Every structure is written in C-alpha cells, then in structure tokens.
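This report describes the fold and selected local features of one protein model. Please consult the sequence and coordinates shown below while reading.

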Amino acid sequence: MVNKQEVNRVVLGVLMVCMAVAFGCKETKKAPLGTFTHGVASGDPGKEDVILWTRFVPVDSLETNIDWEIGSDSLFSRIVNKGSILSSPDNDFCVHVRAGGLQSGKTYYYRFKKNGLETLTGRTRTLPEKADNIRIGVVNCANYTGGYYHAFDSLSKMKDIDVVIHLGDYIYEGGKVVEGSSYWPSYKATGRQHDPMHECFSLTDYRTRYALYRGDSALQKLHSRFPMIPIWDDHEIAMKPLNKNKPGYAKFGGTWQERFDNSVKAYHEWLPLRPKAFETIYRSFQFGDLVNLMMLDTRVCCKSEVTKTPESLLDTTRHIIGSKQLKWIQEEVIQNDADWNVFGNQLLLAIKDMGWARWPGFPRDRDRFLDFVQRNPEKNFVFTTGNAHNPHHYIIRDETKRDTLVHEFLPGSISSGNNAEKAFYDPDVLAKEAKRLTEAENVLWFHQDSHGFIVLDITEEKLEALWYFVSSIRDKTYTVNIPYRYTLRSNQLE
C-alpha cells in the first residue's frame, strides 16, 4: 500500500532538488510534474553515434516518456536527431539514448525535456575518422566519503579533452565512515557520509548509493562536458561472497549471486555505457588510425579465483583475462593498426610485491600477453591502470631486462585514501614504502600523498602523460599543479 505522506515527502524533496543548478535543471514558470534529478551524461562514443543519459522521476513514480534532442550548436538552431524515450522504475528512471546519424569527430550538444522542464545542455563528441591529436582524461577511485571531487572539477574545466576514461571504483559499496577509520578526518572536514549507512546488498541499496555519488556537482559537470568510457573495478561489483559472520549479512538475507546481479544492474543503469547488463564489458574505441583504446575486464568475465599458493602460479588453467579476451586483444591490435594501442585496465601489469590478485598472480595470461607485445614492438603499447590510490609510473621489461615492452601509468585516486592518509601520516610507514619504491627497478616515479588525474596528449610522433594534482580534497577551495610528465616517442619506448 502506498504511504501518501511518504509520497508527498519524496515529491517535495525532488522538487527542491530540481531548483538546484547542481542537479542539472532549469527553473520554469510552471511547477514541473516531475524532475530531472541528476543532470546529463554521455558515453561510449562511436563515429556516428553516442550514448546519452539522464534520469527523470515522475511525481507518481510511474513510467513516462521524455523527449531528447541533439544538435550541432549549443543553441540547438540545428537539430540533427531527436526522439522520446521511456523513463521507467524498472531501470530506476535512468534512460539511455543511442543518438545516431552523427558525423565523425564532431562536437554535439544535447538535452532532455519533459512538461516544460529542461535539463542543462550537455556537450559530447563522436570518435574521429582521422585524427592528428587526441587528448584523453584518465580517472579512477572516487570514494565519496574521502573528500571533495576537486579533481573531477578541474578536469571538467579543460576545453580540449576528447574523452574521459574511468578505470573503476566509480562508487564504493561500504557502509558509513566510523571514528578511527582513515576516512574519519575527511568526513569531519567535509561531512560527506554514505547513504545508505550500511554496506550495499540490495538493488535499492546500490541505486541509492549511485544517486548519492551522482548528486555531486563536480561529477555532474564532468559528465555534462565530455563523453565517458567507464570500466568497473571491484567496488562497483560484488566480487566475492560475503563473510556470513560479517555485520550486516543477516540484513541482506540473500545469496551472493543476488547481490552480484543487483550491483551489475545498478551499474548499467547509472553509467552512460553501451553494453547491456551481464554482457561482455571489455570493448574498444578507435580514434582514426591514431589511437586504438581497449577497455579490459580483469575482474568479472574471465578471472579465476585468487589462490595465494606457489602451486597456483604453475596452473595454466587459471586466468586474469582469459583466452577469449586475449584473442580479442590480439585481433583488435592487428586489425586496427593504430599508431598507439592504449589500454584501460584495472589491475597492475607490472610486478609489485607478489601481486597474487594482479597480473603477476596469473603468469600464464601475463606471459602470453607480453609475448604478443614483444612480437609487435611497432604497435606502441601503453597501459593506464586503476585500483591503486597513489600515482605511479611503471615499466615492464623483457626477460633480458634490457628492452622496455610497456609503460604503465597510474593516475592515483580522485578521493580514495592514499598511502599517507591510510597511514595517518606516520613518517616511518611512509619512509619504508618510499624506500621500497625508490629501489624498485621498474618504478620510474611515484607519489604517496596526492589526488588527481592523468591527461594523455597523443600525436603520431609522441604520447605525453601529464599528472595533475589538486592541492586538497578536504578544503572547499583548491589549486592544481602538474608535478610529473613523461613523453614516449613512437616506436621508442625507452
């Protein structure tokens, strides 16, 4: 039975939200019947199409059609495509439009409408048929409770980014921040707390968590200005069965498979991506013959269970990407014949400690991939890797340790706890880690107390990686600097 008081409370709340510019709505003379709650987004661009996203919640919480249009200018004087799409509770009122009929390498503007209410205008861009220069923003690991999303805000202000790739941990599924945790100082400084307060189990839990994260104005701004190509890591997706003794398990009362299904469904609802839920998520994007971008799945589709035993390293049946995905990588590289092959990847390819859960813990797949790289040196392989909360620059050499096969760039986190925060700034802990990394032959650069992103600036002759740091994620104001950059020359990886 519907609780009328609850309905009225929700209606009042969403109407108030609608009036906030941060949520991507325009005021109208007439009170709207519903509201666009979380702005707009675009993603997974093609040469002739792109995915457009918004969320519209009707007052009666029933399904309804909303209108969309995409044009070649921000005033929409030339509409190139338009239509209507169903907003339904079946998908948490999130809508995905495949806007086709576009030209390659062009900037477009889009918006959604309903009952006289309009979203703010979003900007997106299709993949080019030919390209002389491509700039890619690289982000990952954004814990809402960790601090302000200043890195998202900084990236959104750039004018020449073609696409943003998100390497995972778009949300975190954990419960509330408690006193004594490494996130407590950030919570005390910012007041950013998780909703729901418990770990996400049900579909409603995951949807509520995405609604919280997507309510952030900096993230909304980033989504509205550039198309995003996301891949998941372990915090969006329920990776393994819960410990039955863990607090909160009884509250869920379901199976791990149900939790996994809930996490996957919510991810596909709230992200502007092309694959359907439970379909293969690794996919590629071609920026002319300049860049072949491949987003890998080293988490869900193909990964064997992590077993921390020496015997497991000899087991050729264990995989991190699997034979099918490896074959796909090889075919994509050969068939597209791009100047640069850039990978969006969740787990470290380079060797750091043992790395049981990373590529080194699955030597069969790692060796087969690196053998392919070594046999095709002219293909210019570059890895961007997420999961780690600290920026690094690694190199992977051949067995002789003379030739560099792959450069691996880690952006560090947007707001998730870095080494310094996790260690509560203990100088002894940080010094020990700094010594280990400084002495490691495969680490060219690292930083232990920073938050930010990478921009890849790519031409036929070179690929330059620039690390951007924000000065703080606990203060409302911030500055930006570039502490490190590295340039790779085509076919000269040293």
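How many helices and strands are there in the protein chain? There are 11 helices and 21 strands; helices (H or I, at least four residues) and strands (E, at least two) are DSSP runs, numbered from the N terminus. This is a predicted model, in which local features need pLDDT of at least 70 and side-chain atom pairs count only at pLDDT 80 or more, while totals for chains, interfaces and linings use all residues. Residues are numbered from 1 along each chain as its sequence is written, and side-chain values use heavy atoms, with hydrogens and water left out.

Of the 494 residues of the protein chain, 56% count as buried. Buried means under 20% relative accessible area, exposed over 50%, and partly exposed in between, with a 1.4 Å probe and protein chains only. Contact means heavy atoms within 4.5 Å. Among contacts between residues at least 6 apart in sequence, 70% join residues at least 24 apart.

Two strands pair if DSSP finds at least two bridges between them. Axes are lines fitted to C-alpha atoms, for helices over the stretch in contact, and angles run from 0 to 180 degrees between N-to-C directions.

Within the sheet, strand E14 (residues 340–345) pairs with strand E15 (residues 381–385) in the parallel sense over five bridges. Asn 341 has Phe 381 in E15 as its bridge partner.

**Strand E9 and its partners**

Strand E9 (residues 133–139) is largely enclosed by the rest of the structure, because six of its seven residues are buried. E9 pairs with E19 in the antiparallel sense over six bridges, and Arg 135 stands opposite Asp 457 in E19. With strand E10 (residues 163–166), E9 pairs in the parallel sense over four bridges; here Gly 137 stands opposite Val 164.

**Packing of H4 and H7**

The axes of helix H4 (residues 203–214) and helix H7 (residues 256–270) come within 8 Å and cross at roughly 35°. Residues of H4 in this contact include Tyr 206, Tyr 210 and Arg 214, and those of H7 include Asn 262, Ala 266 and Trp 270. By class, the contact of H4 with H7 has seven nonpolar, two polar and five charged residues. Ala, Val, Leu, Ile, Met, Phe, Trp, Tyr, Cys and Pro count as nonpolar, Asp, Glu, Lys and Arg as charged, and the others, Gly among them, as polar.

**Loop residues**

| Residue | Relative accessible area | Class |
|---|---|---|
| Ser 450 | 4% | buried |
| Asn 390 | 6% | buried |
| Asp 92 | 10% | buried |
| Tyr 425 | 41% | partly exposed |

Ser 450 is found in the loop between E18 and strand E19 (452–459). Leaving aside neighbours within four places in sequence, Ser 450 is in contact with His 389, Pro 391, Asn 418 and Phe 469. The side chains of Ser 450 and His 447 are joined by a polar contact of 3.5 Å. A polar contact is a pair of N or O atoms within 3.5 Å; within protein, one must be able to donate a hydrogen and the other to accept it, and residues adjacent in sequence count only if both atoms are side-chain atoms.

Asn 390 lies in the loop between E15 and E16. A polar contact of 2.8 Å joins the side chains of Asn 390 and Asn 419. With neighbours within four places in sequence left aside, the contacts of Asn 390 include Leu 410, His 447 and Gln 448.

Asp 92, in the loop between strand E4 (79–87) and strand E5 (94–99), has a positive phi of about 60° although it is not a glycine. Tyr 425, in the loop between helix H10 (419–422) and H11, likewise has a positive phi, near 60°. The peptide bond from Asp 195 to Pro 196 is cis, with omega near 0°; Pro 196 is placed in the loop between helix H3 (184–190) and H4.
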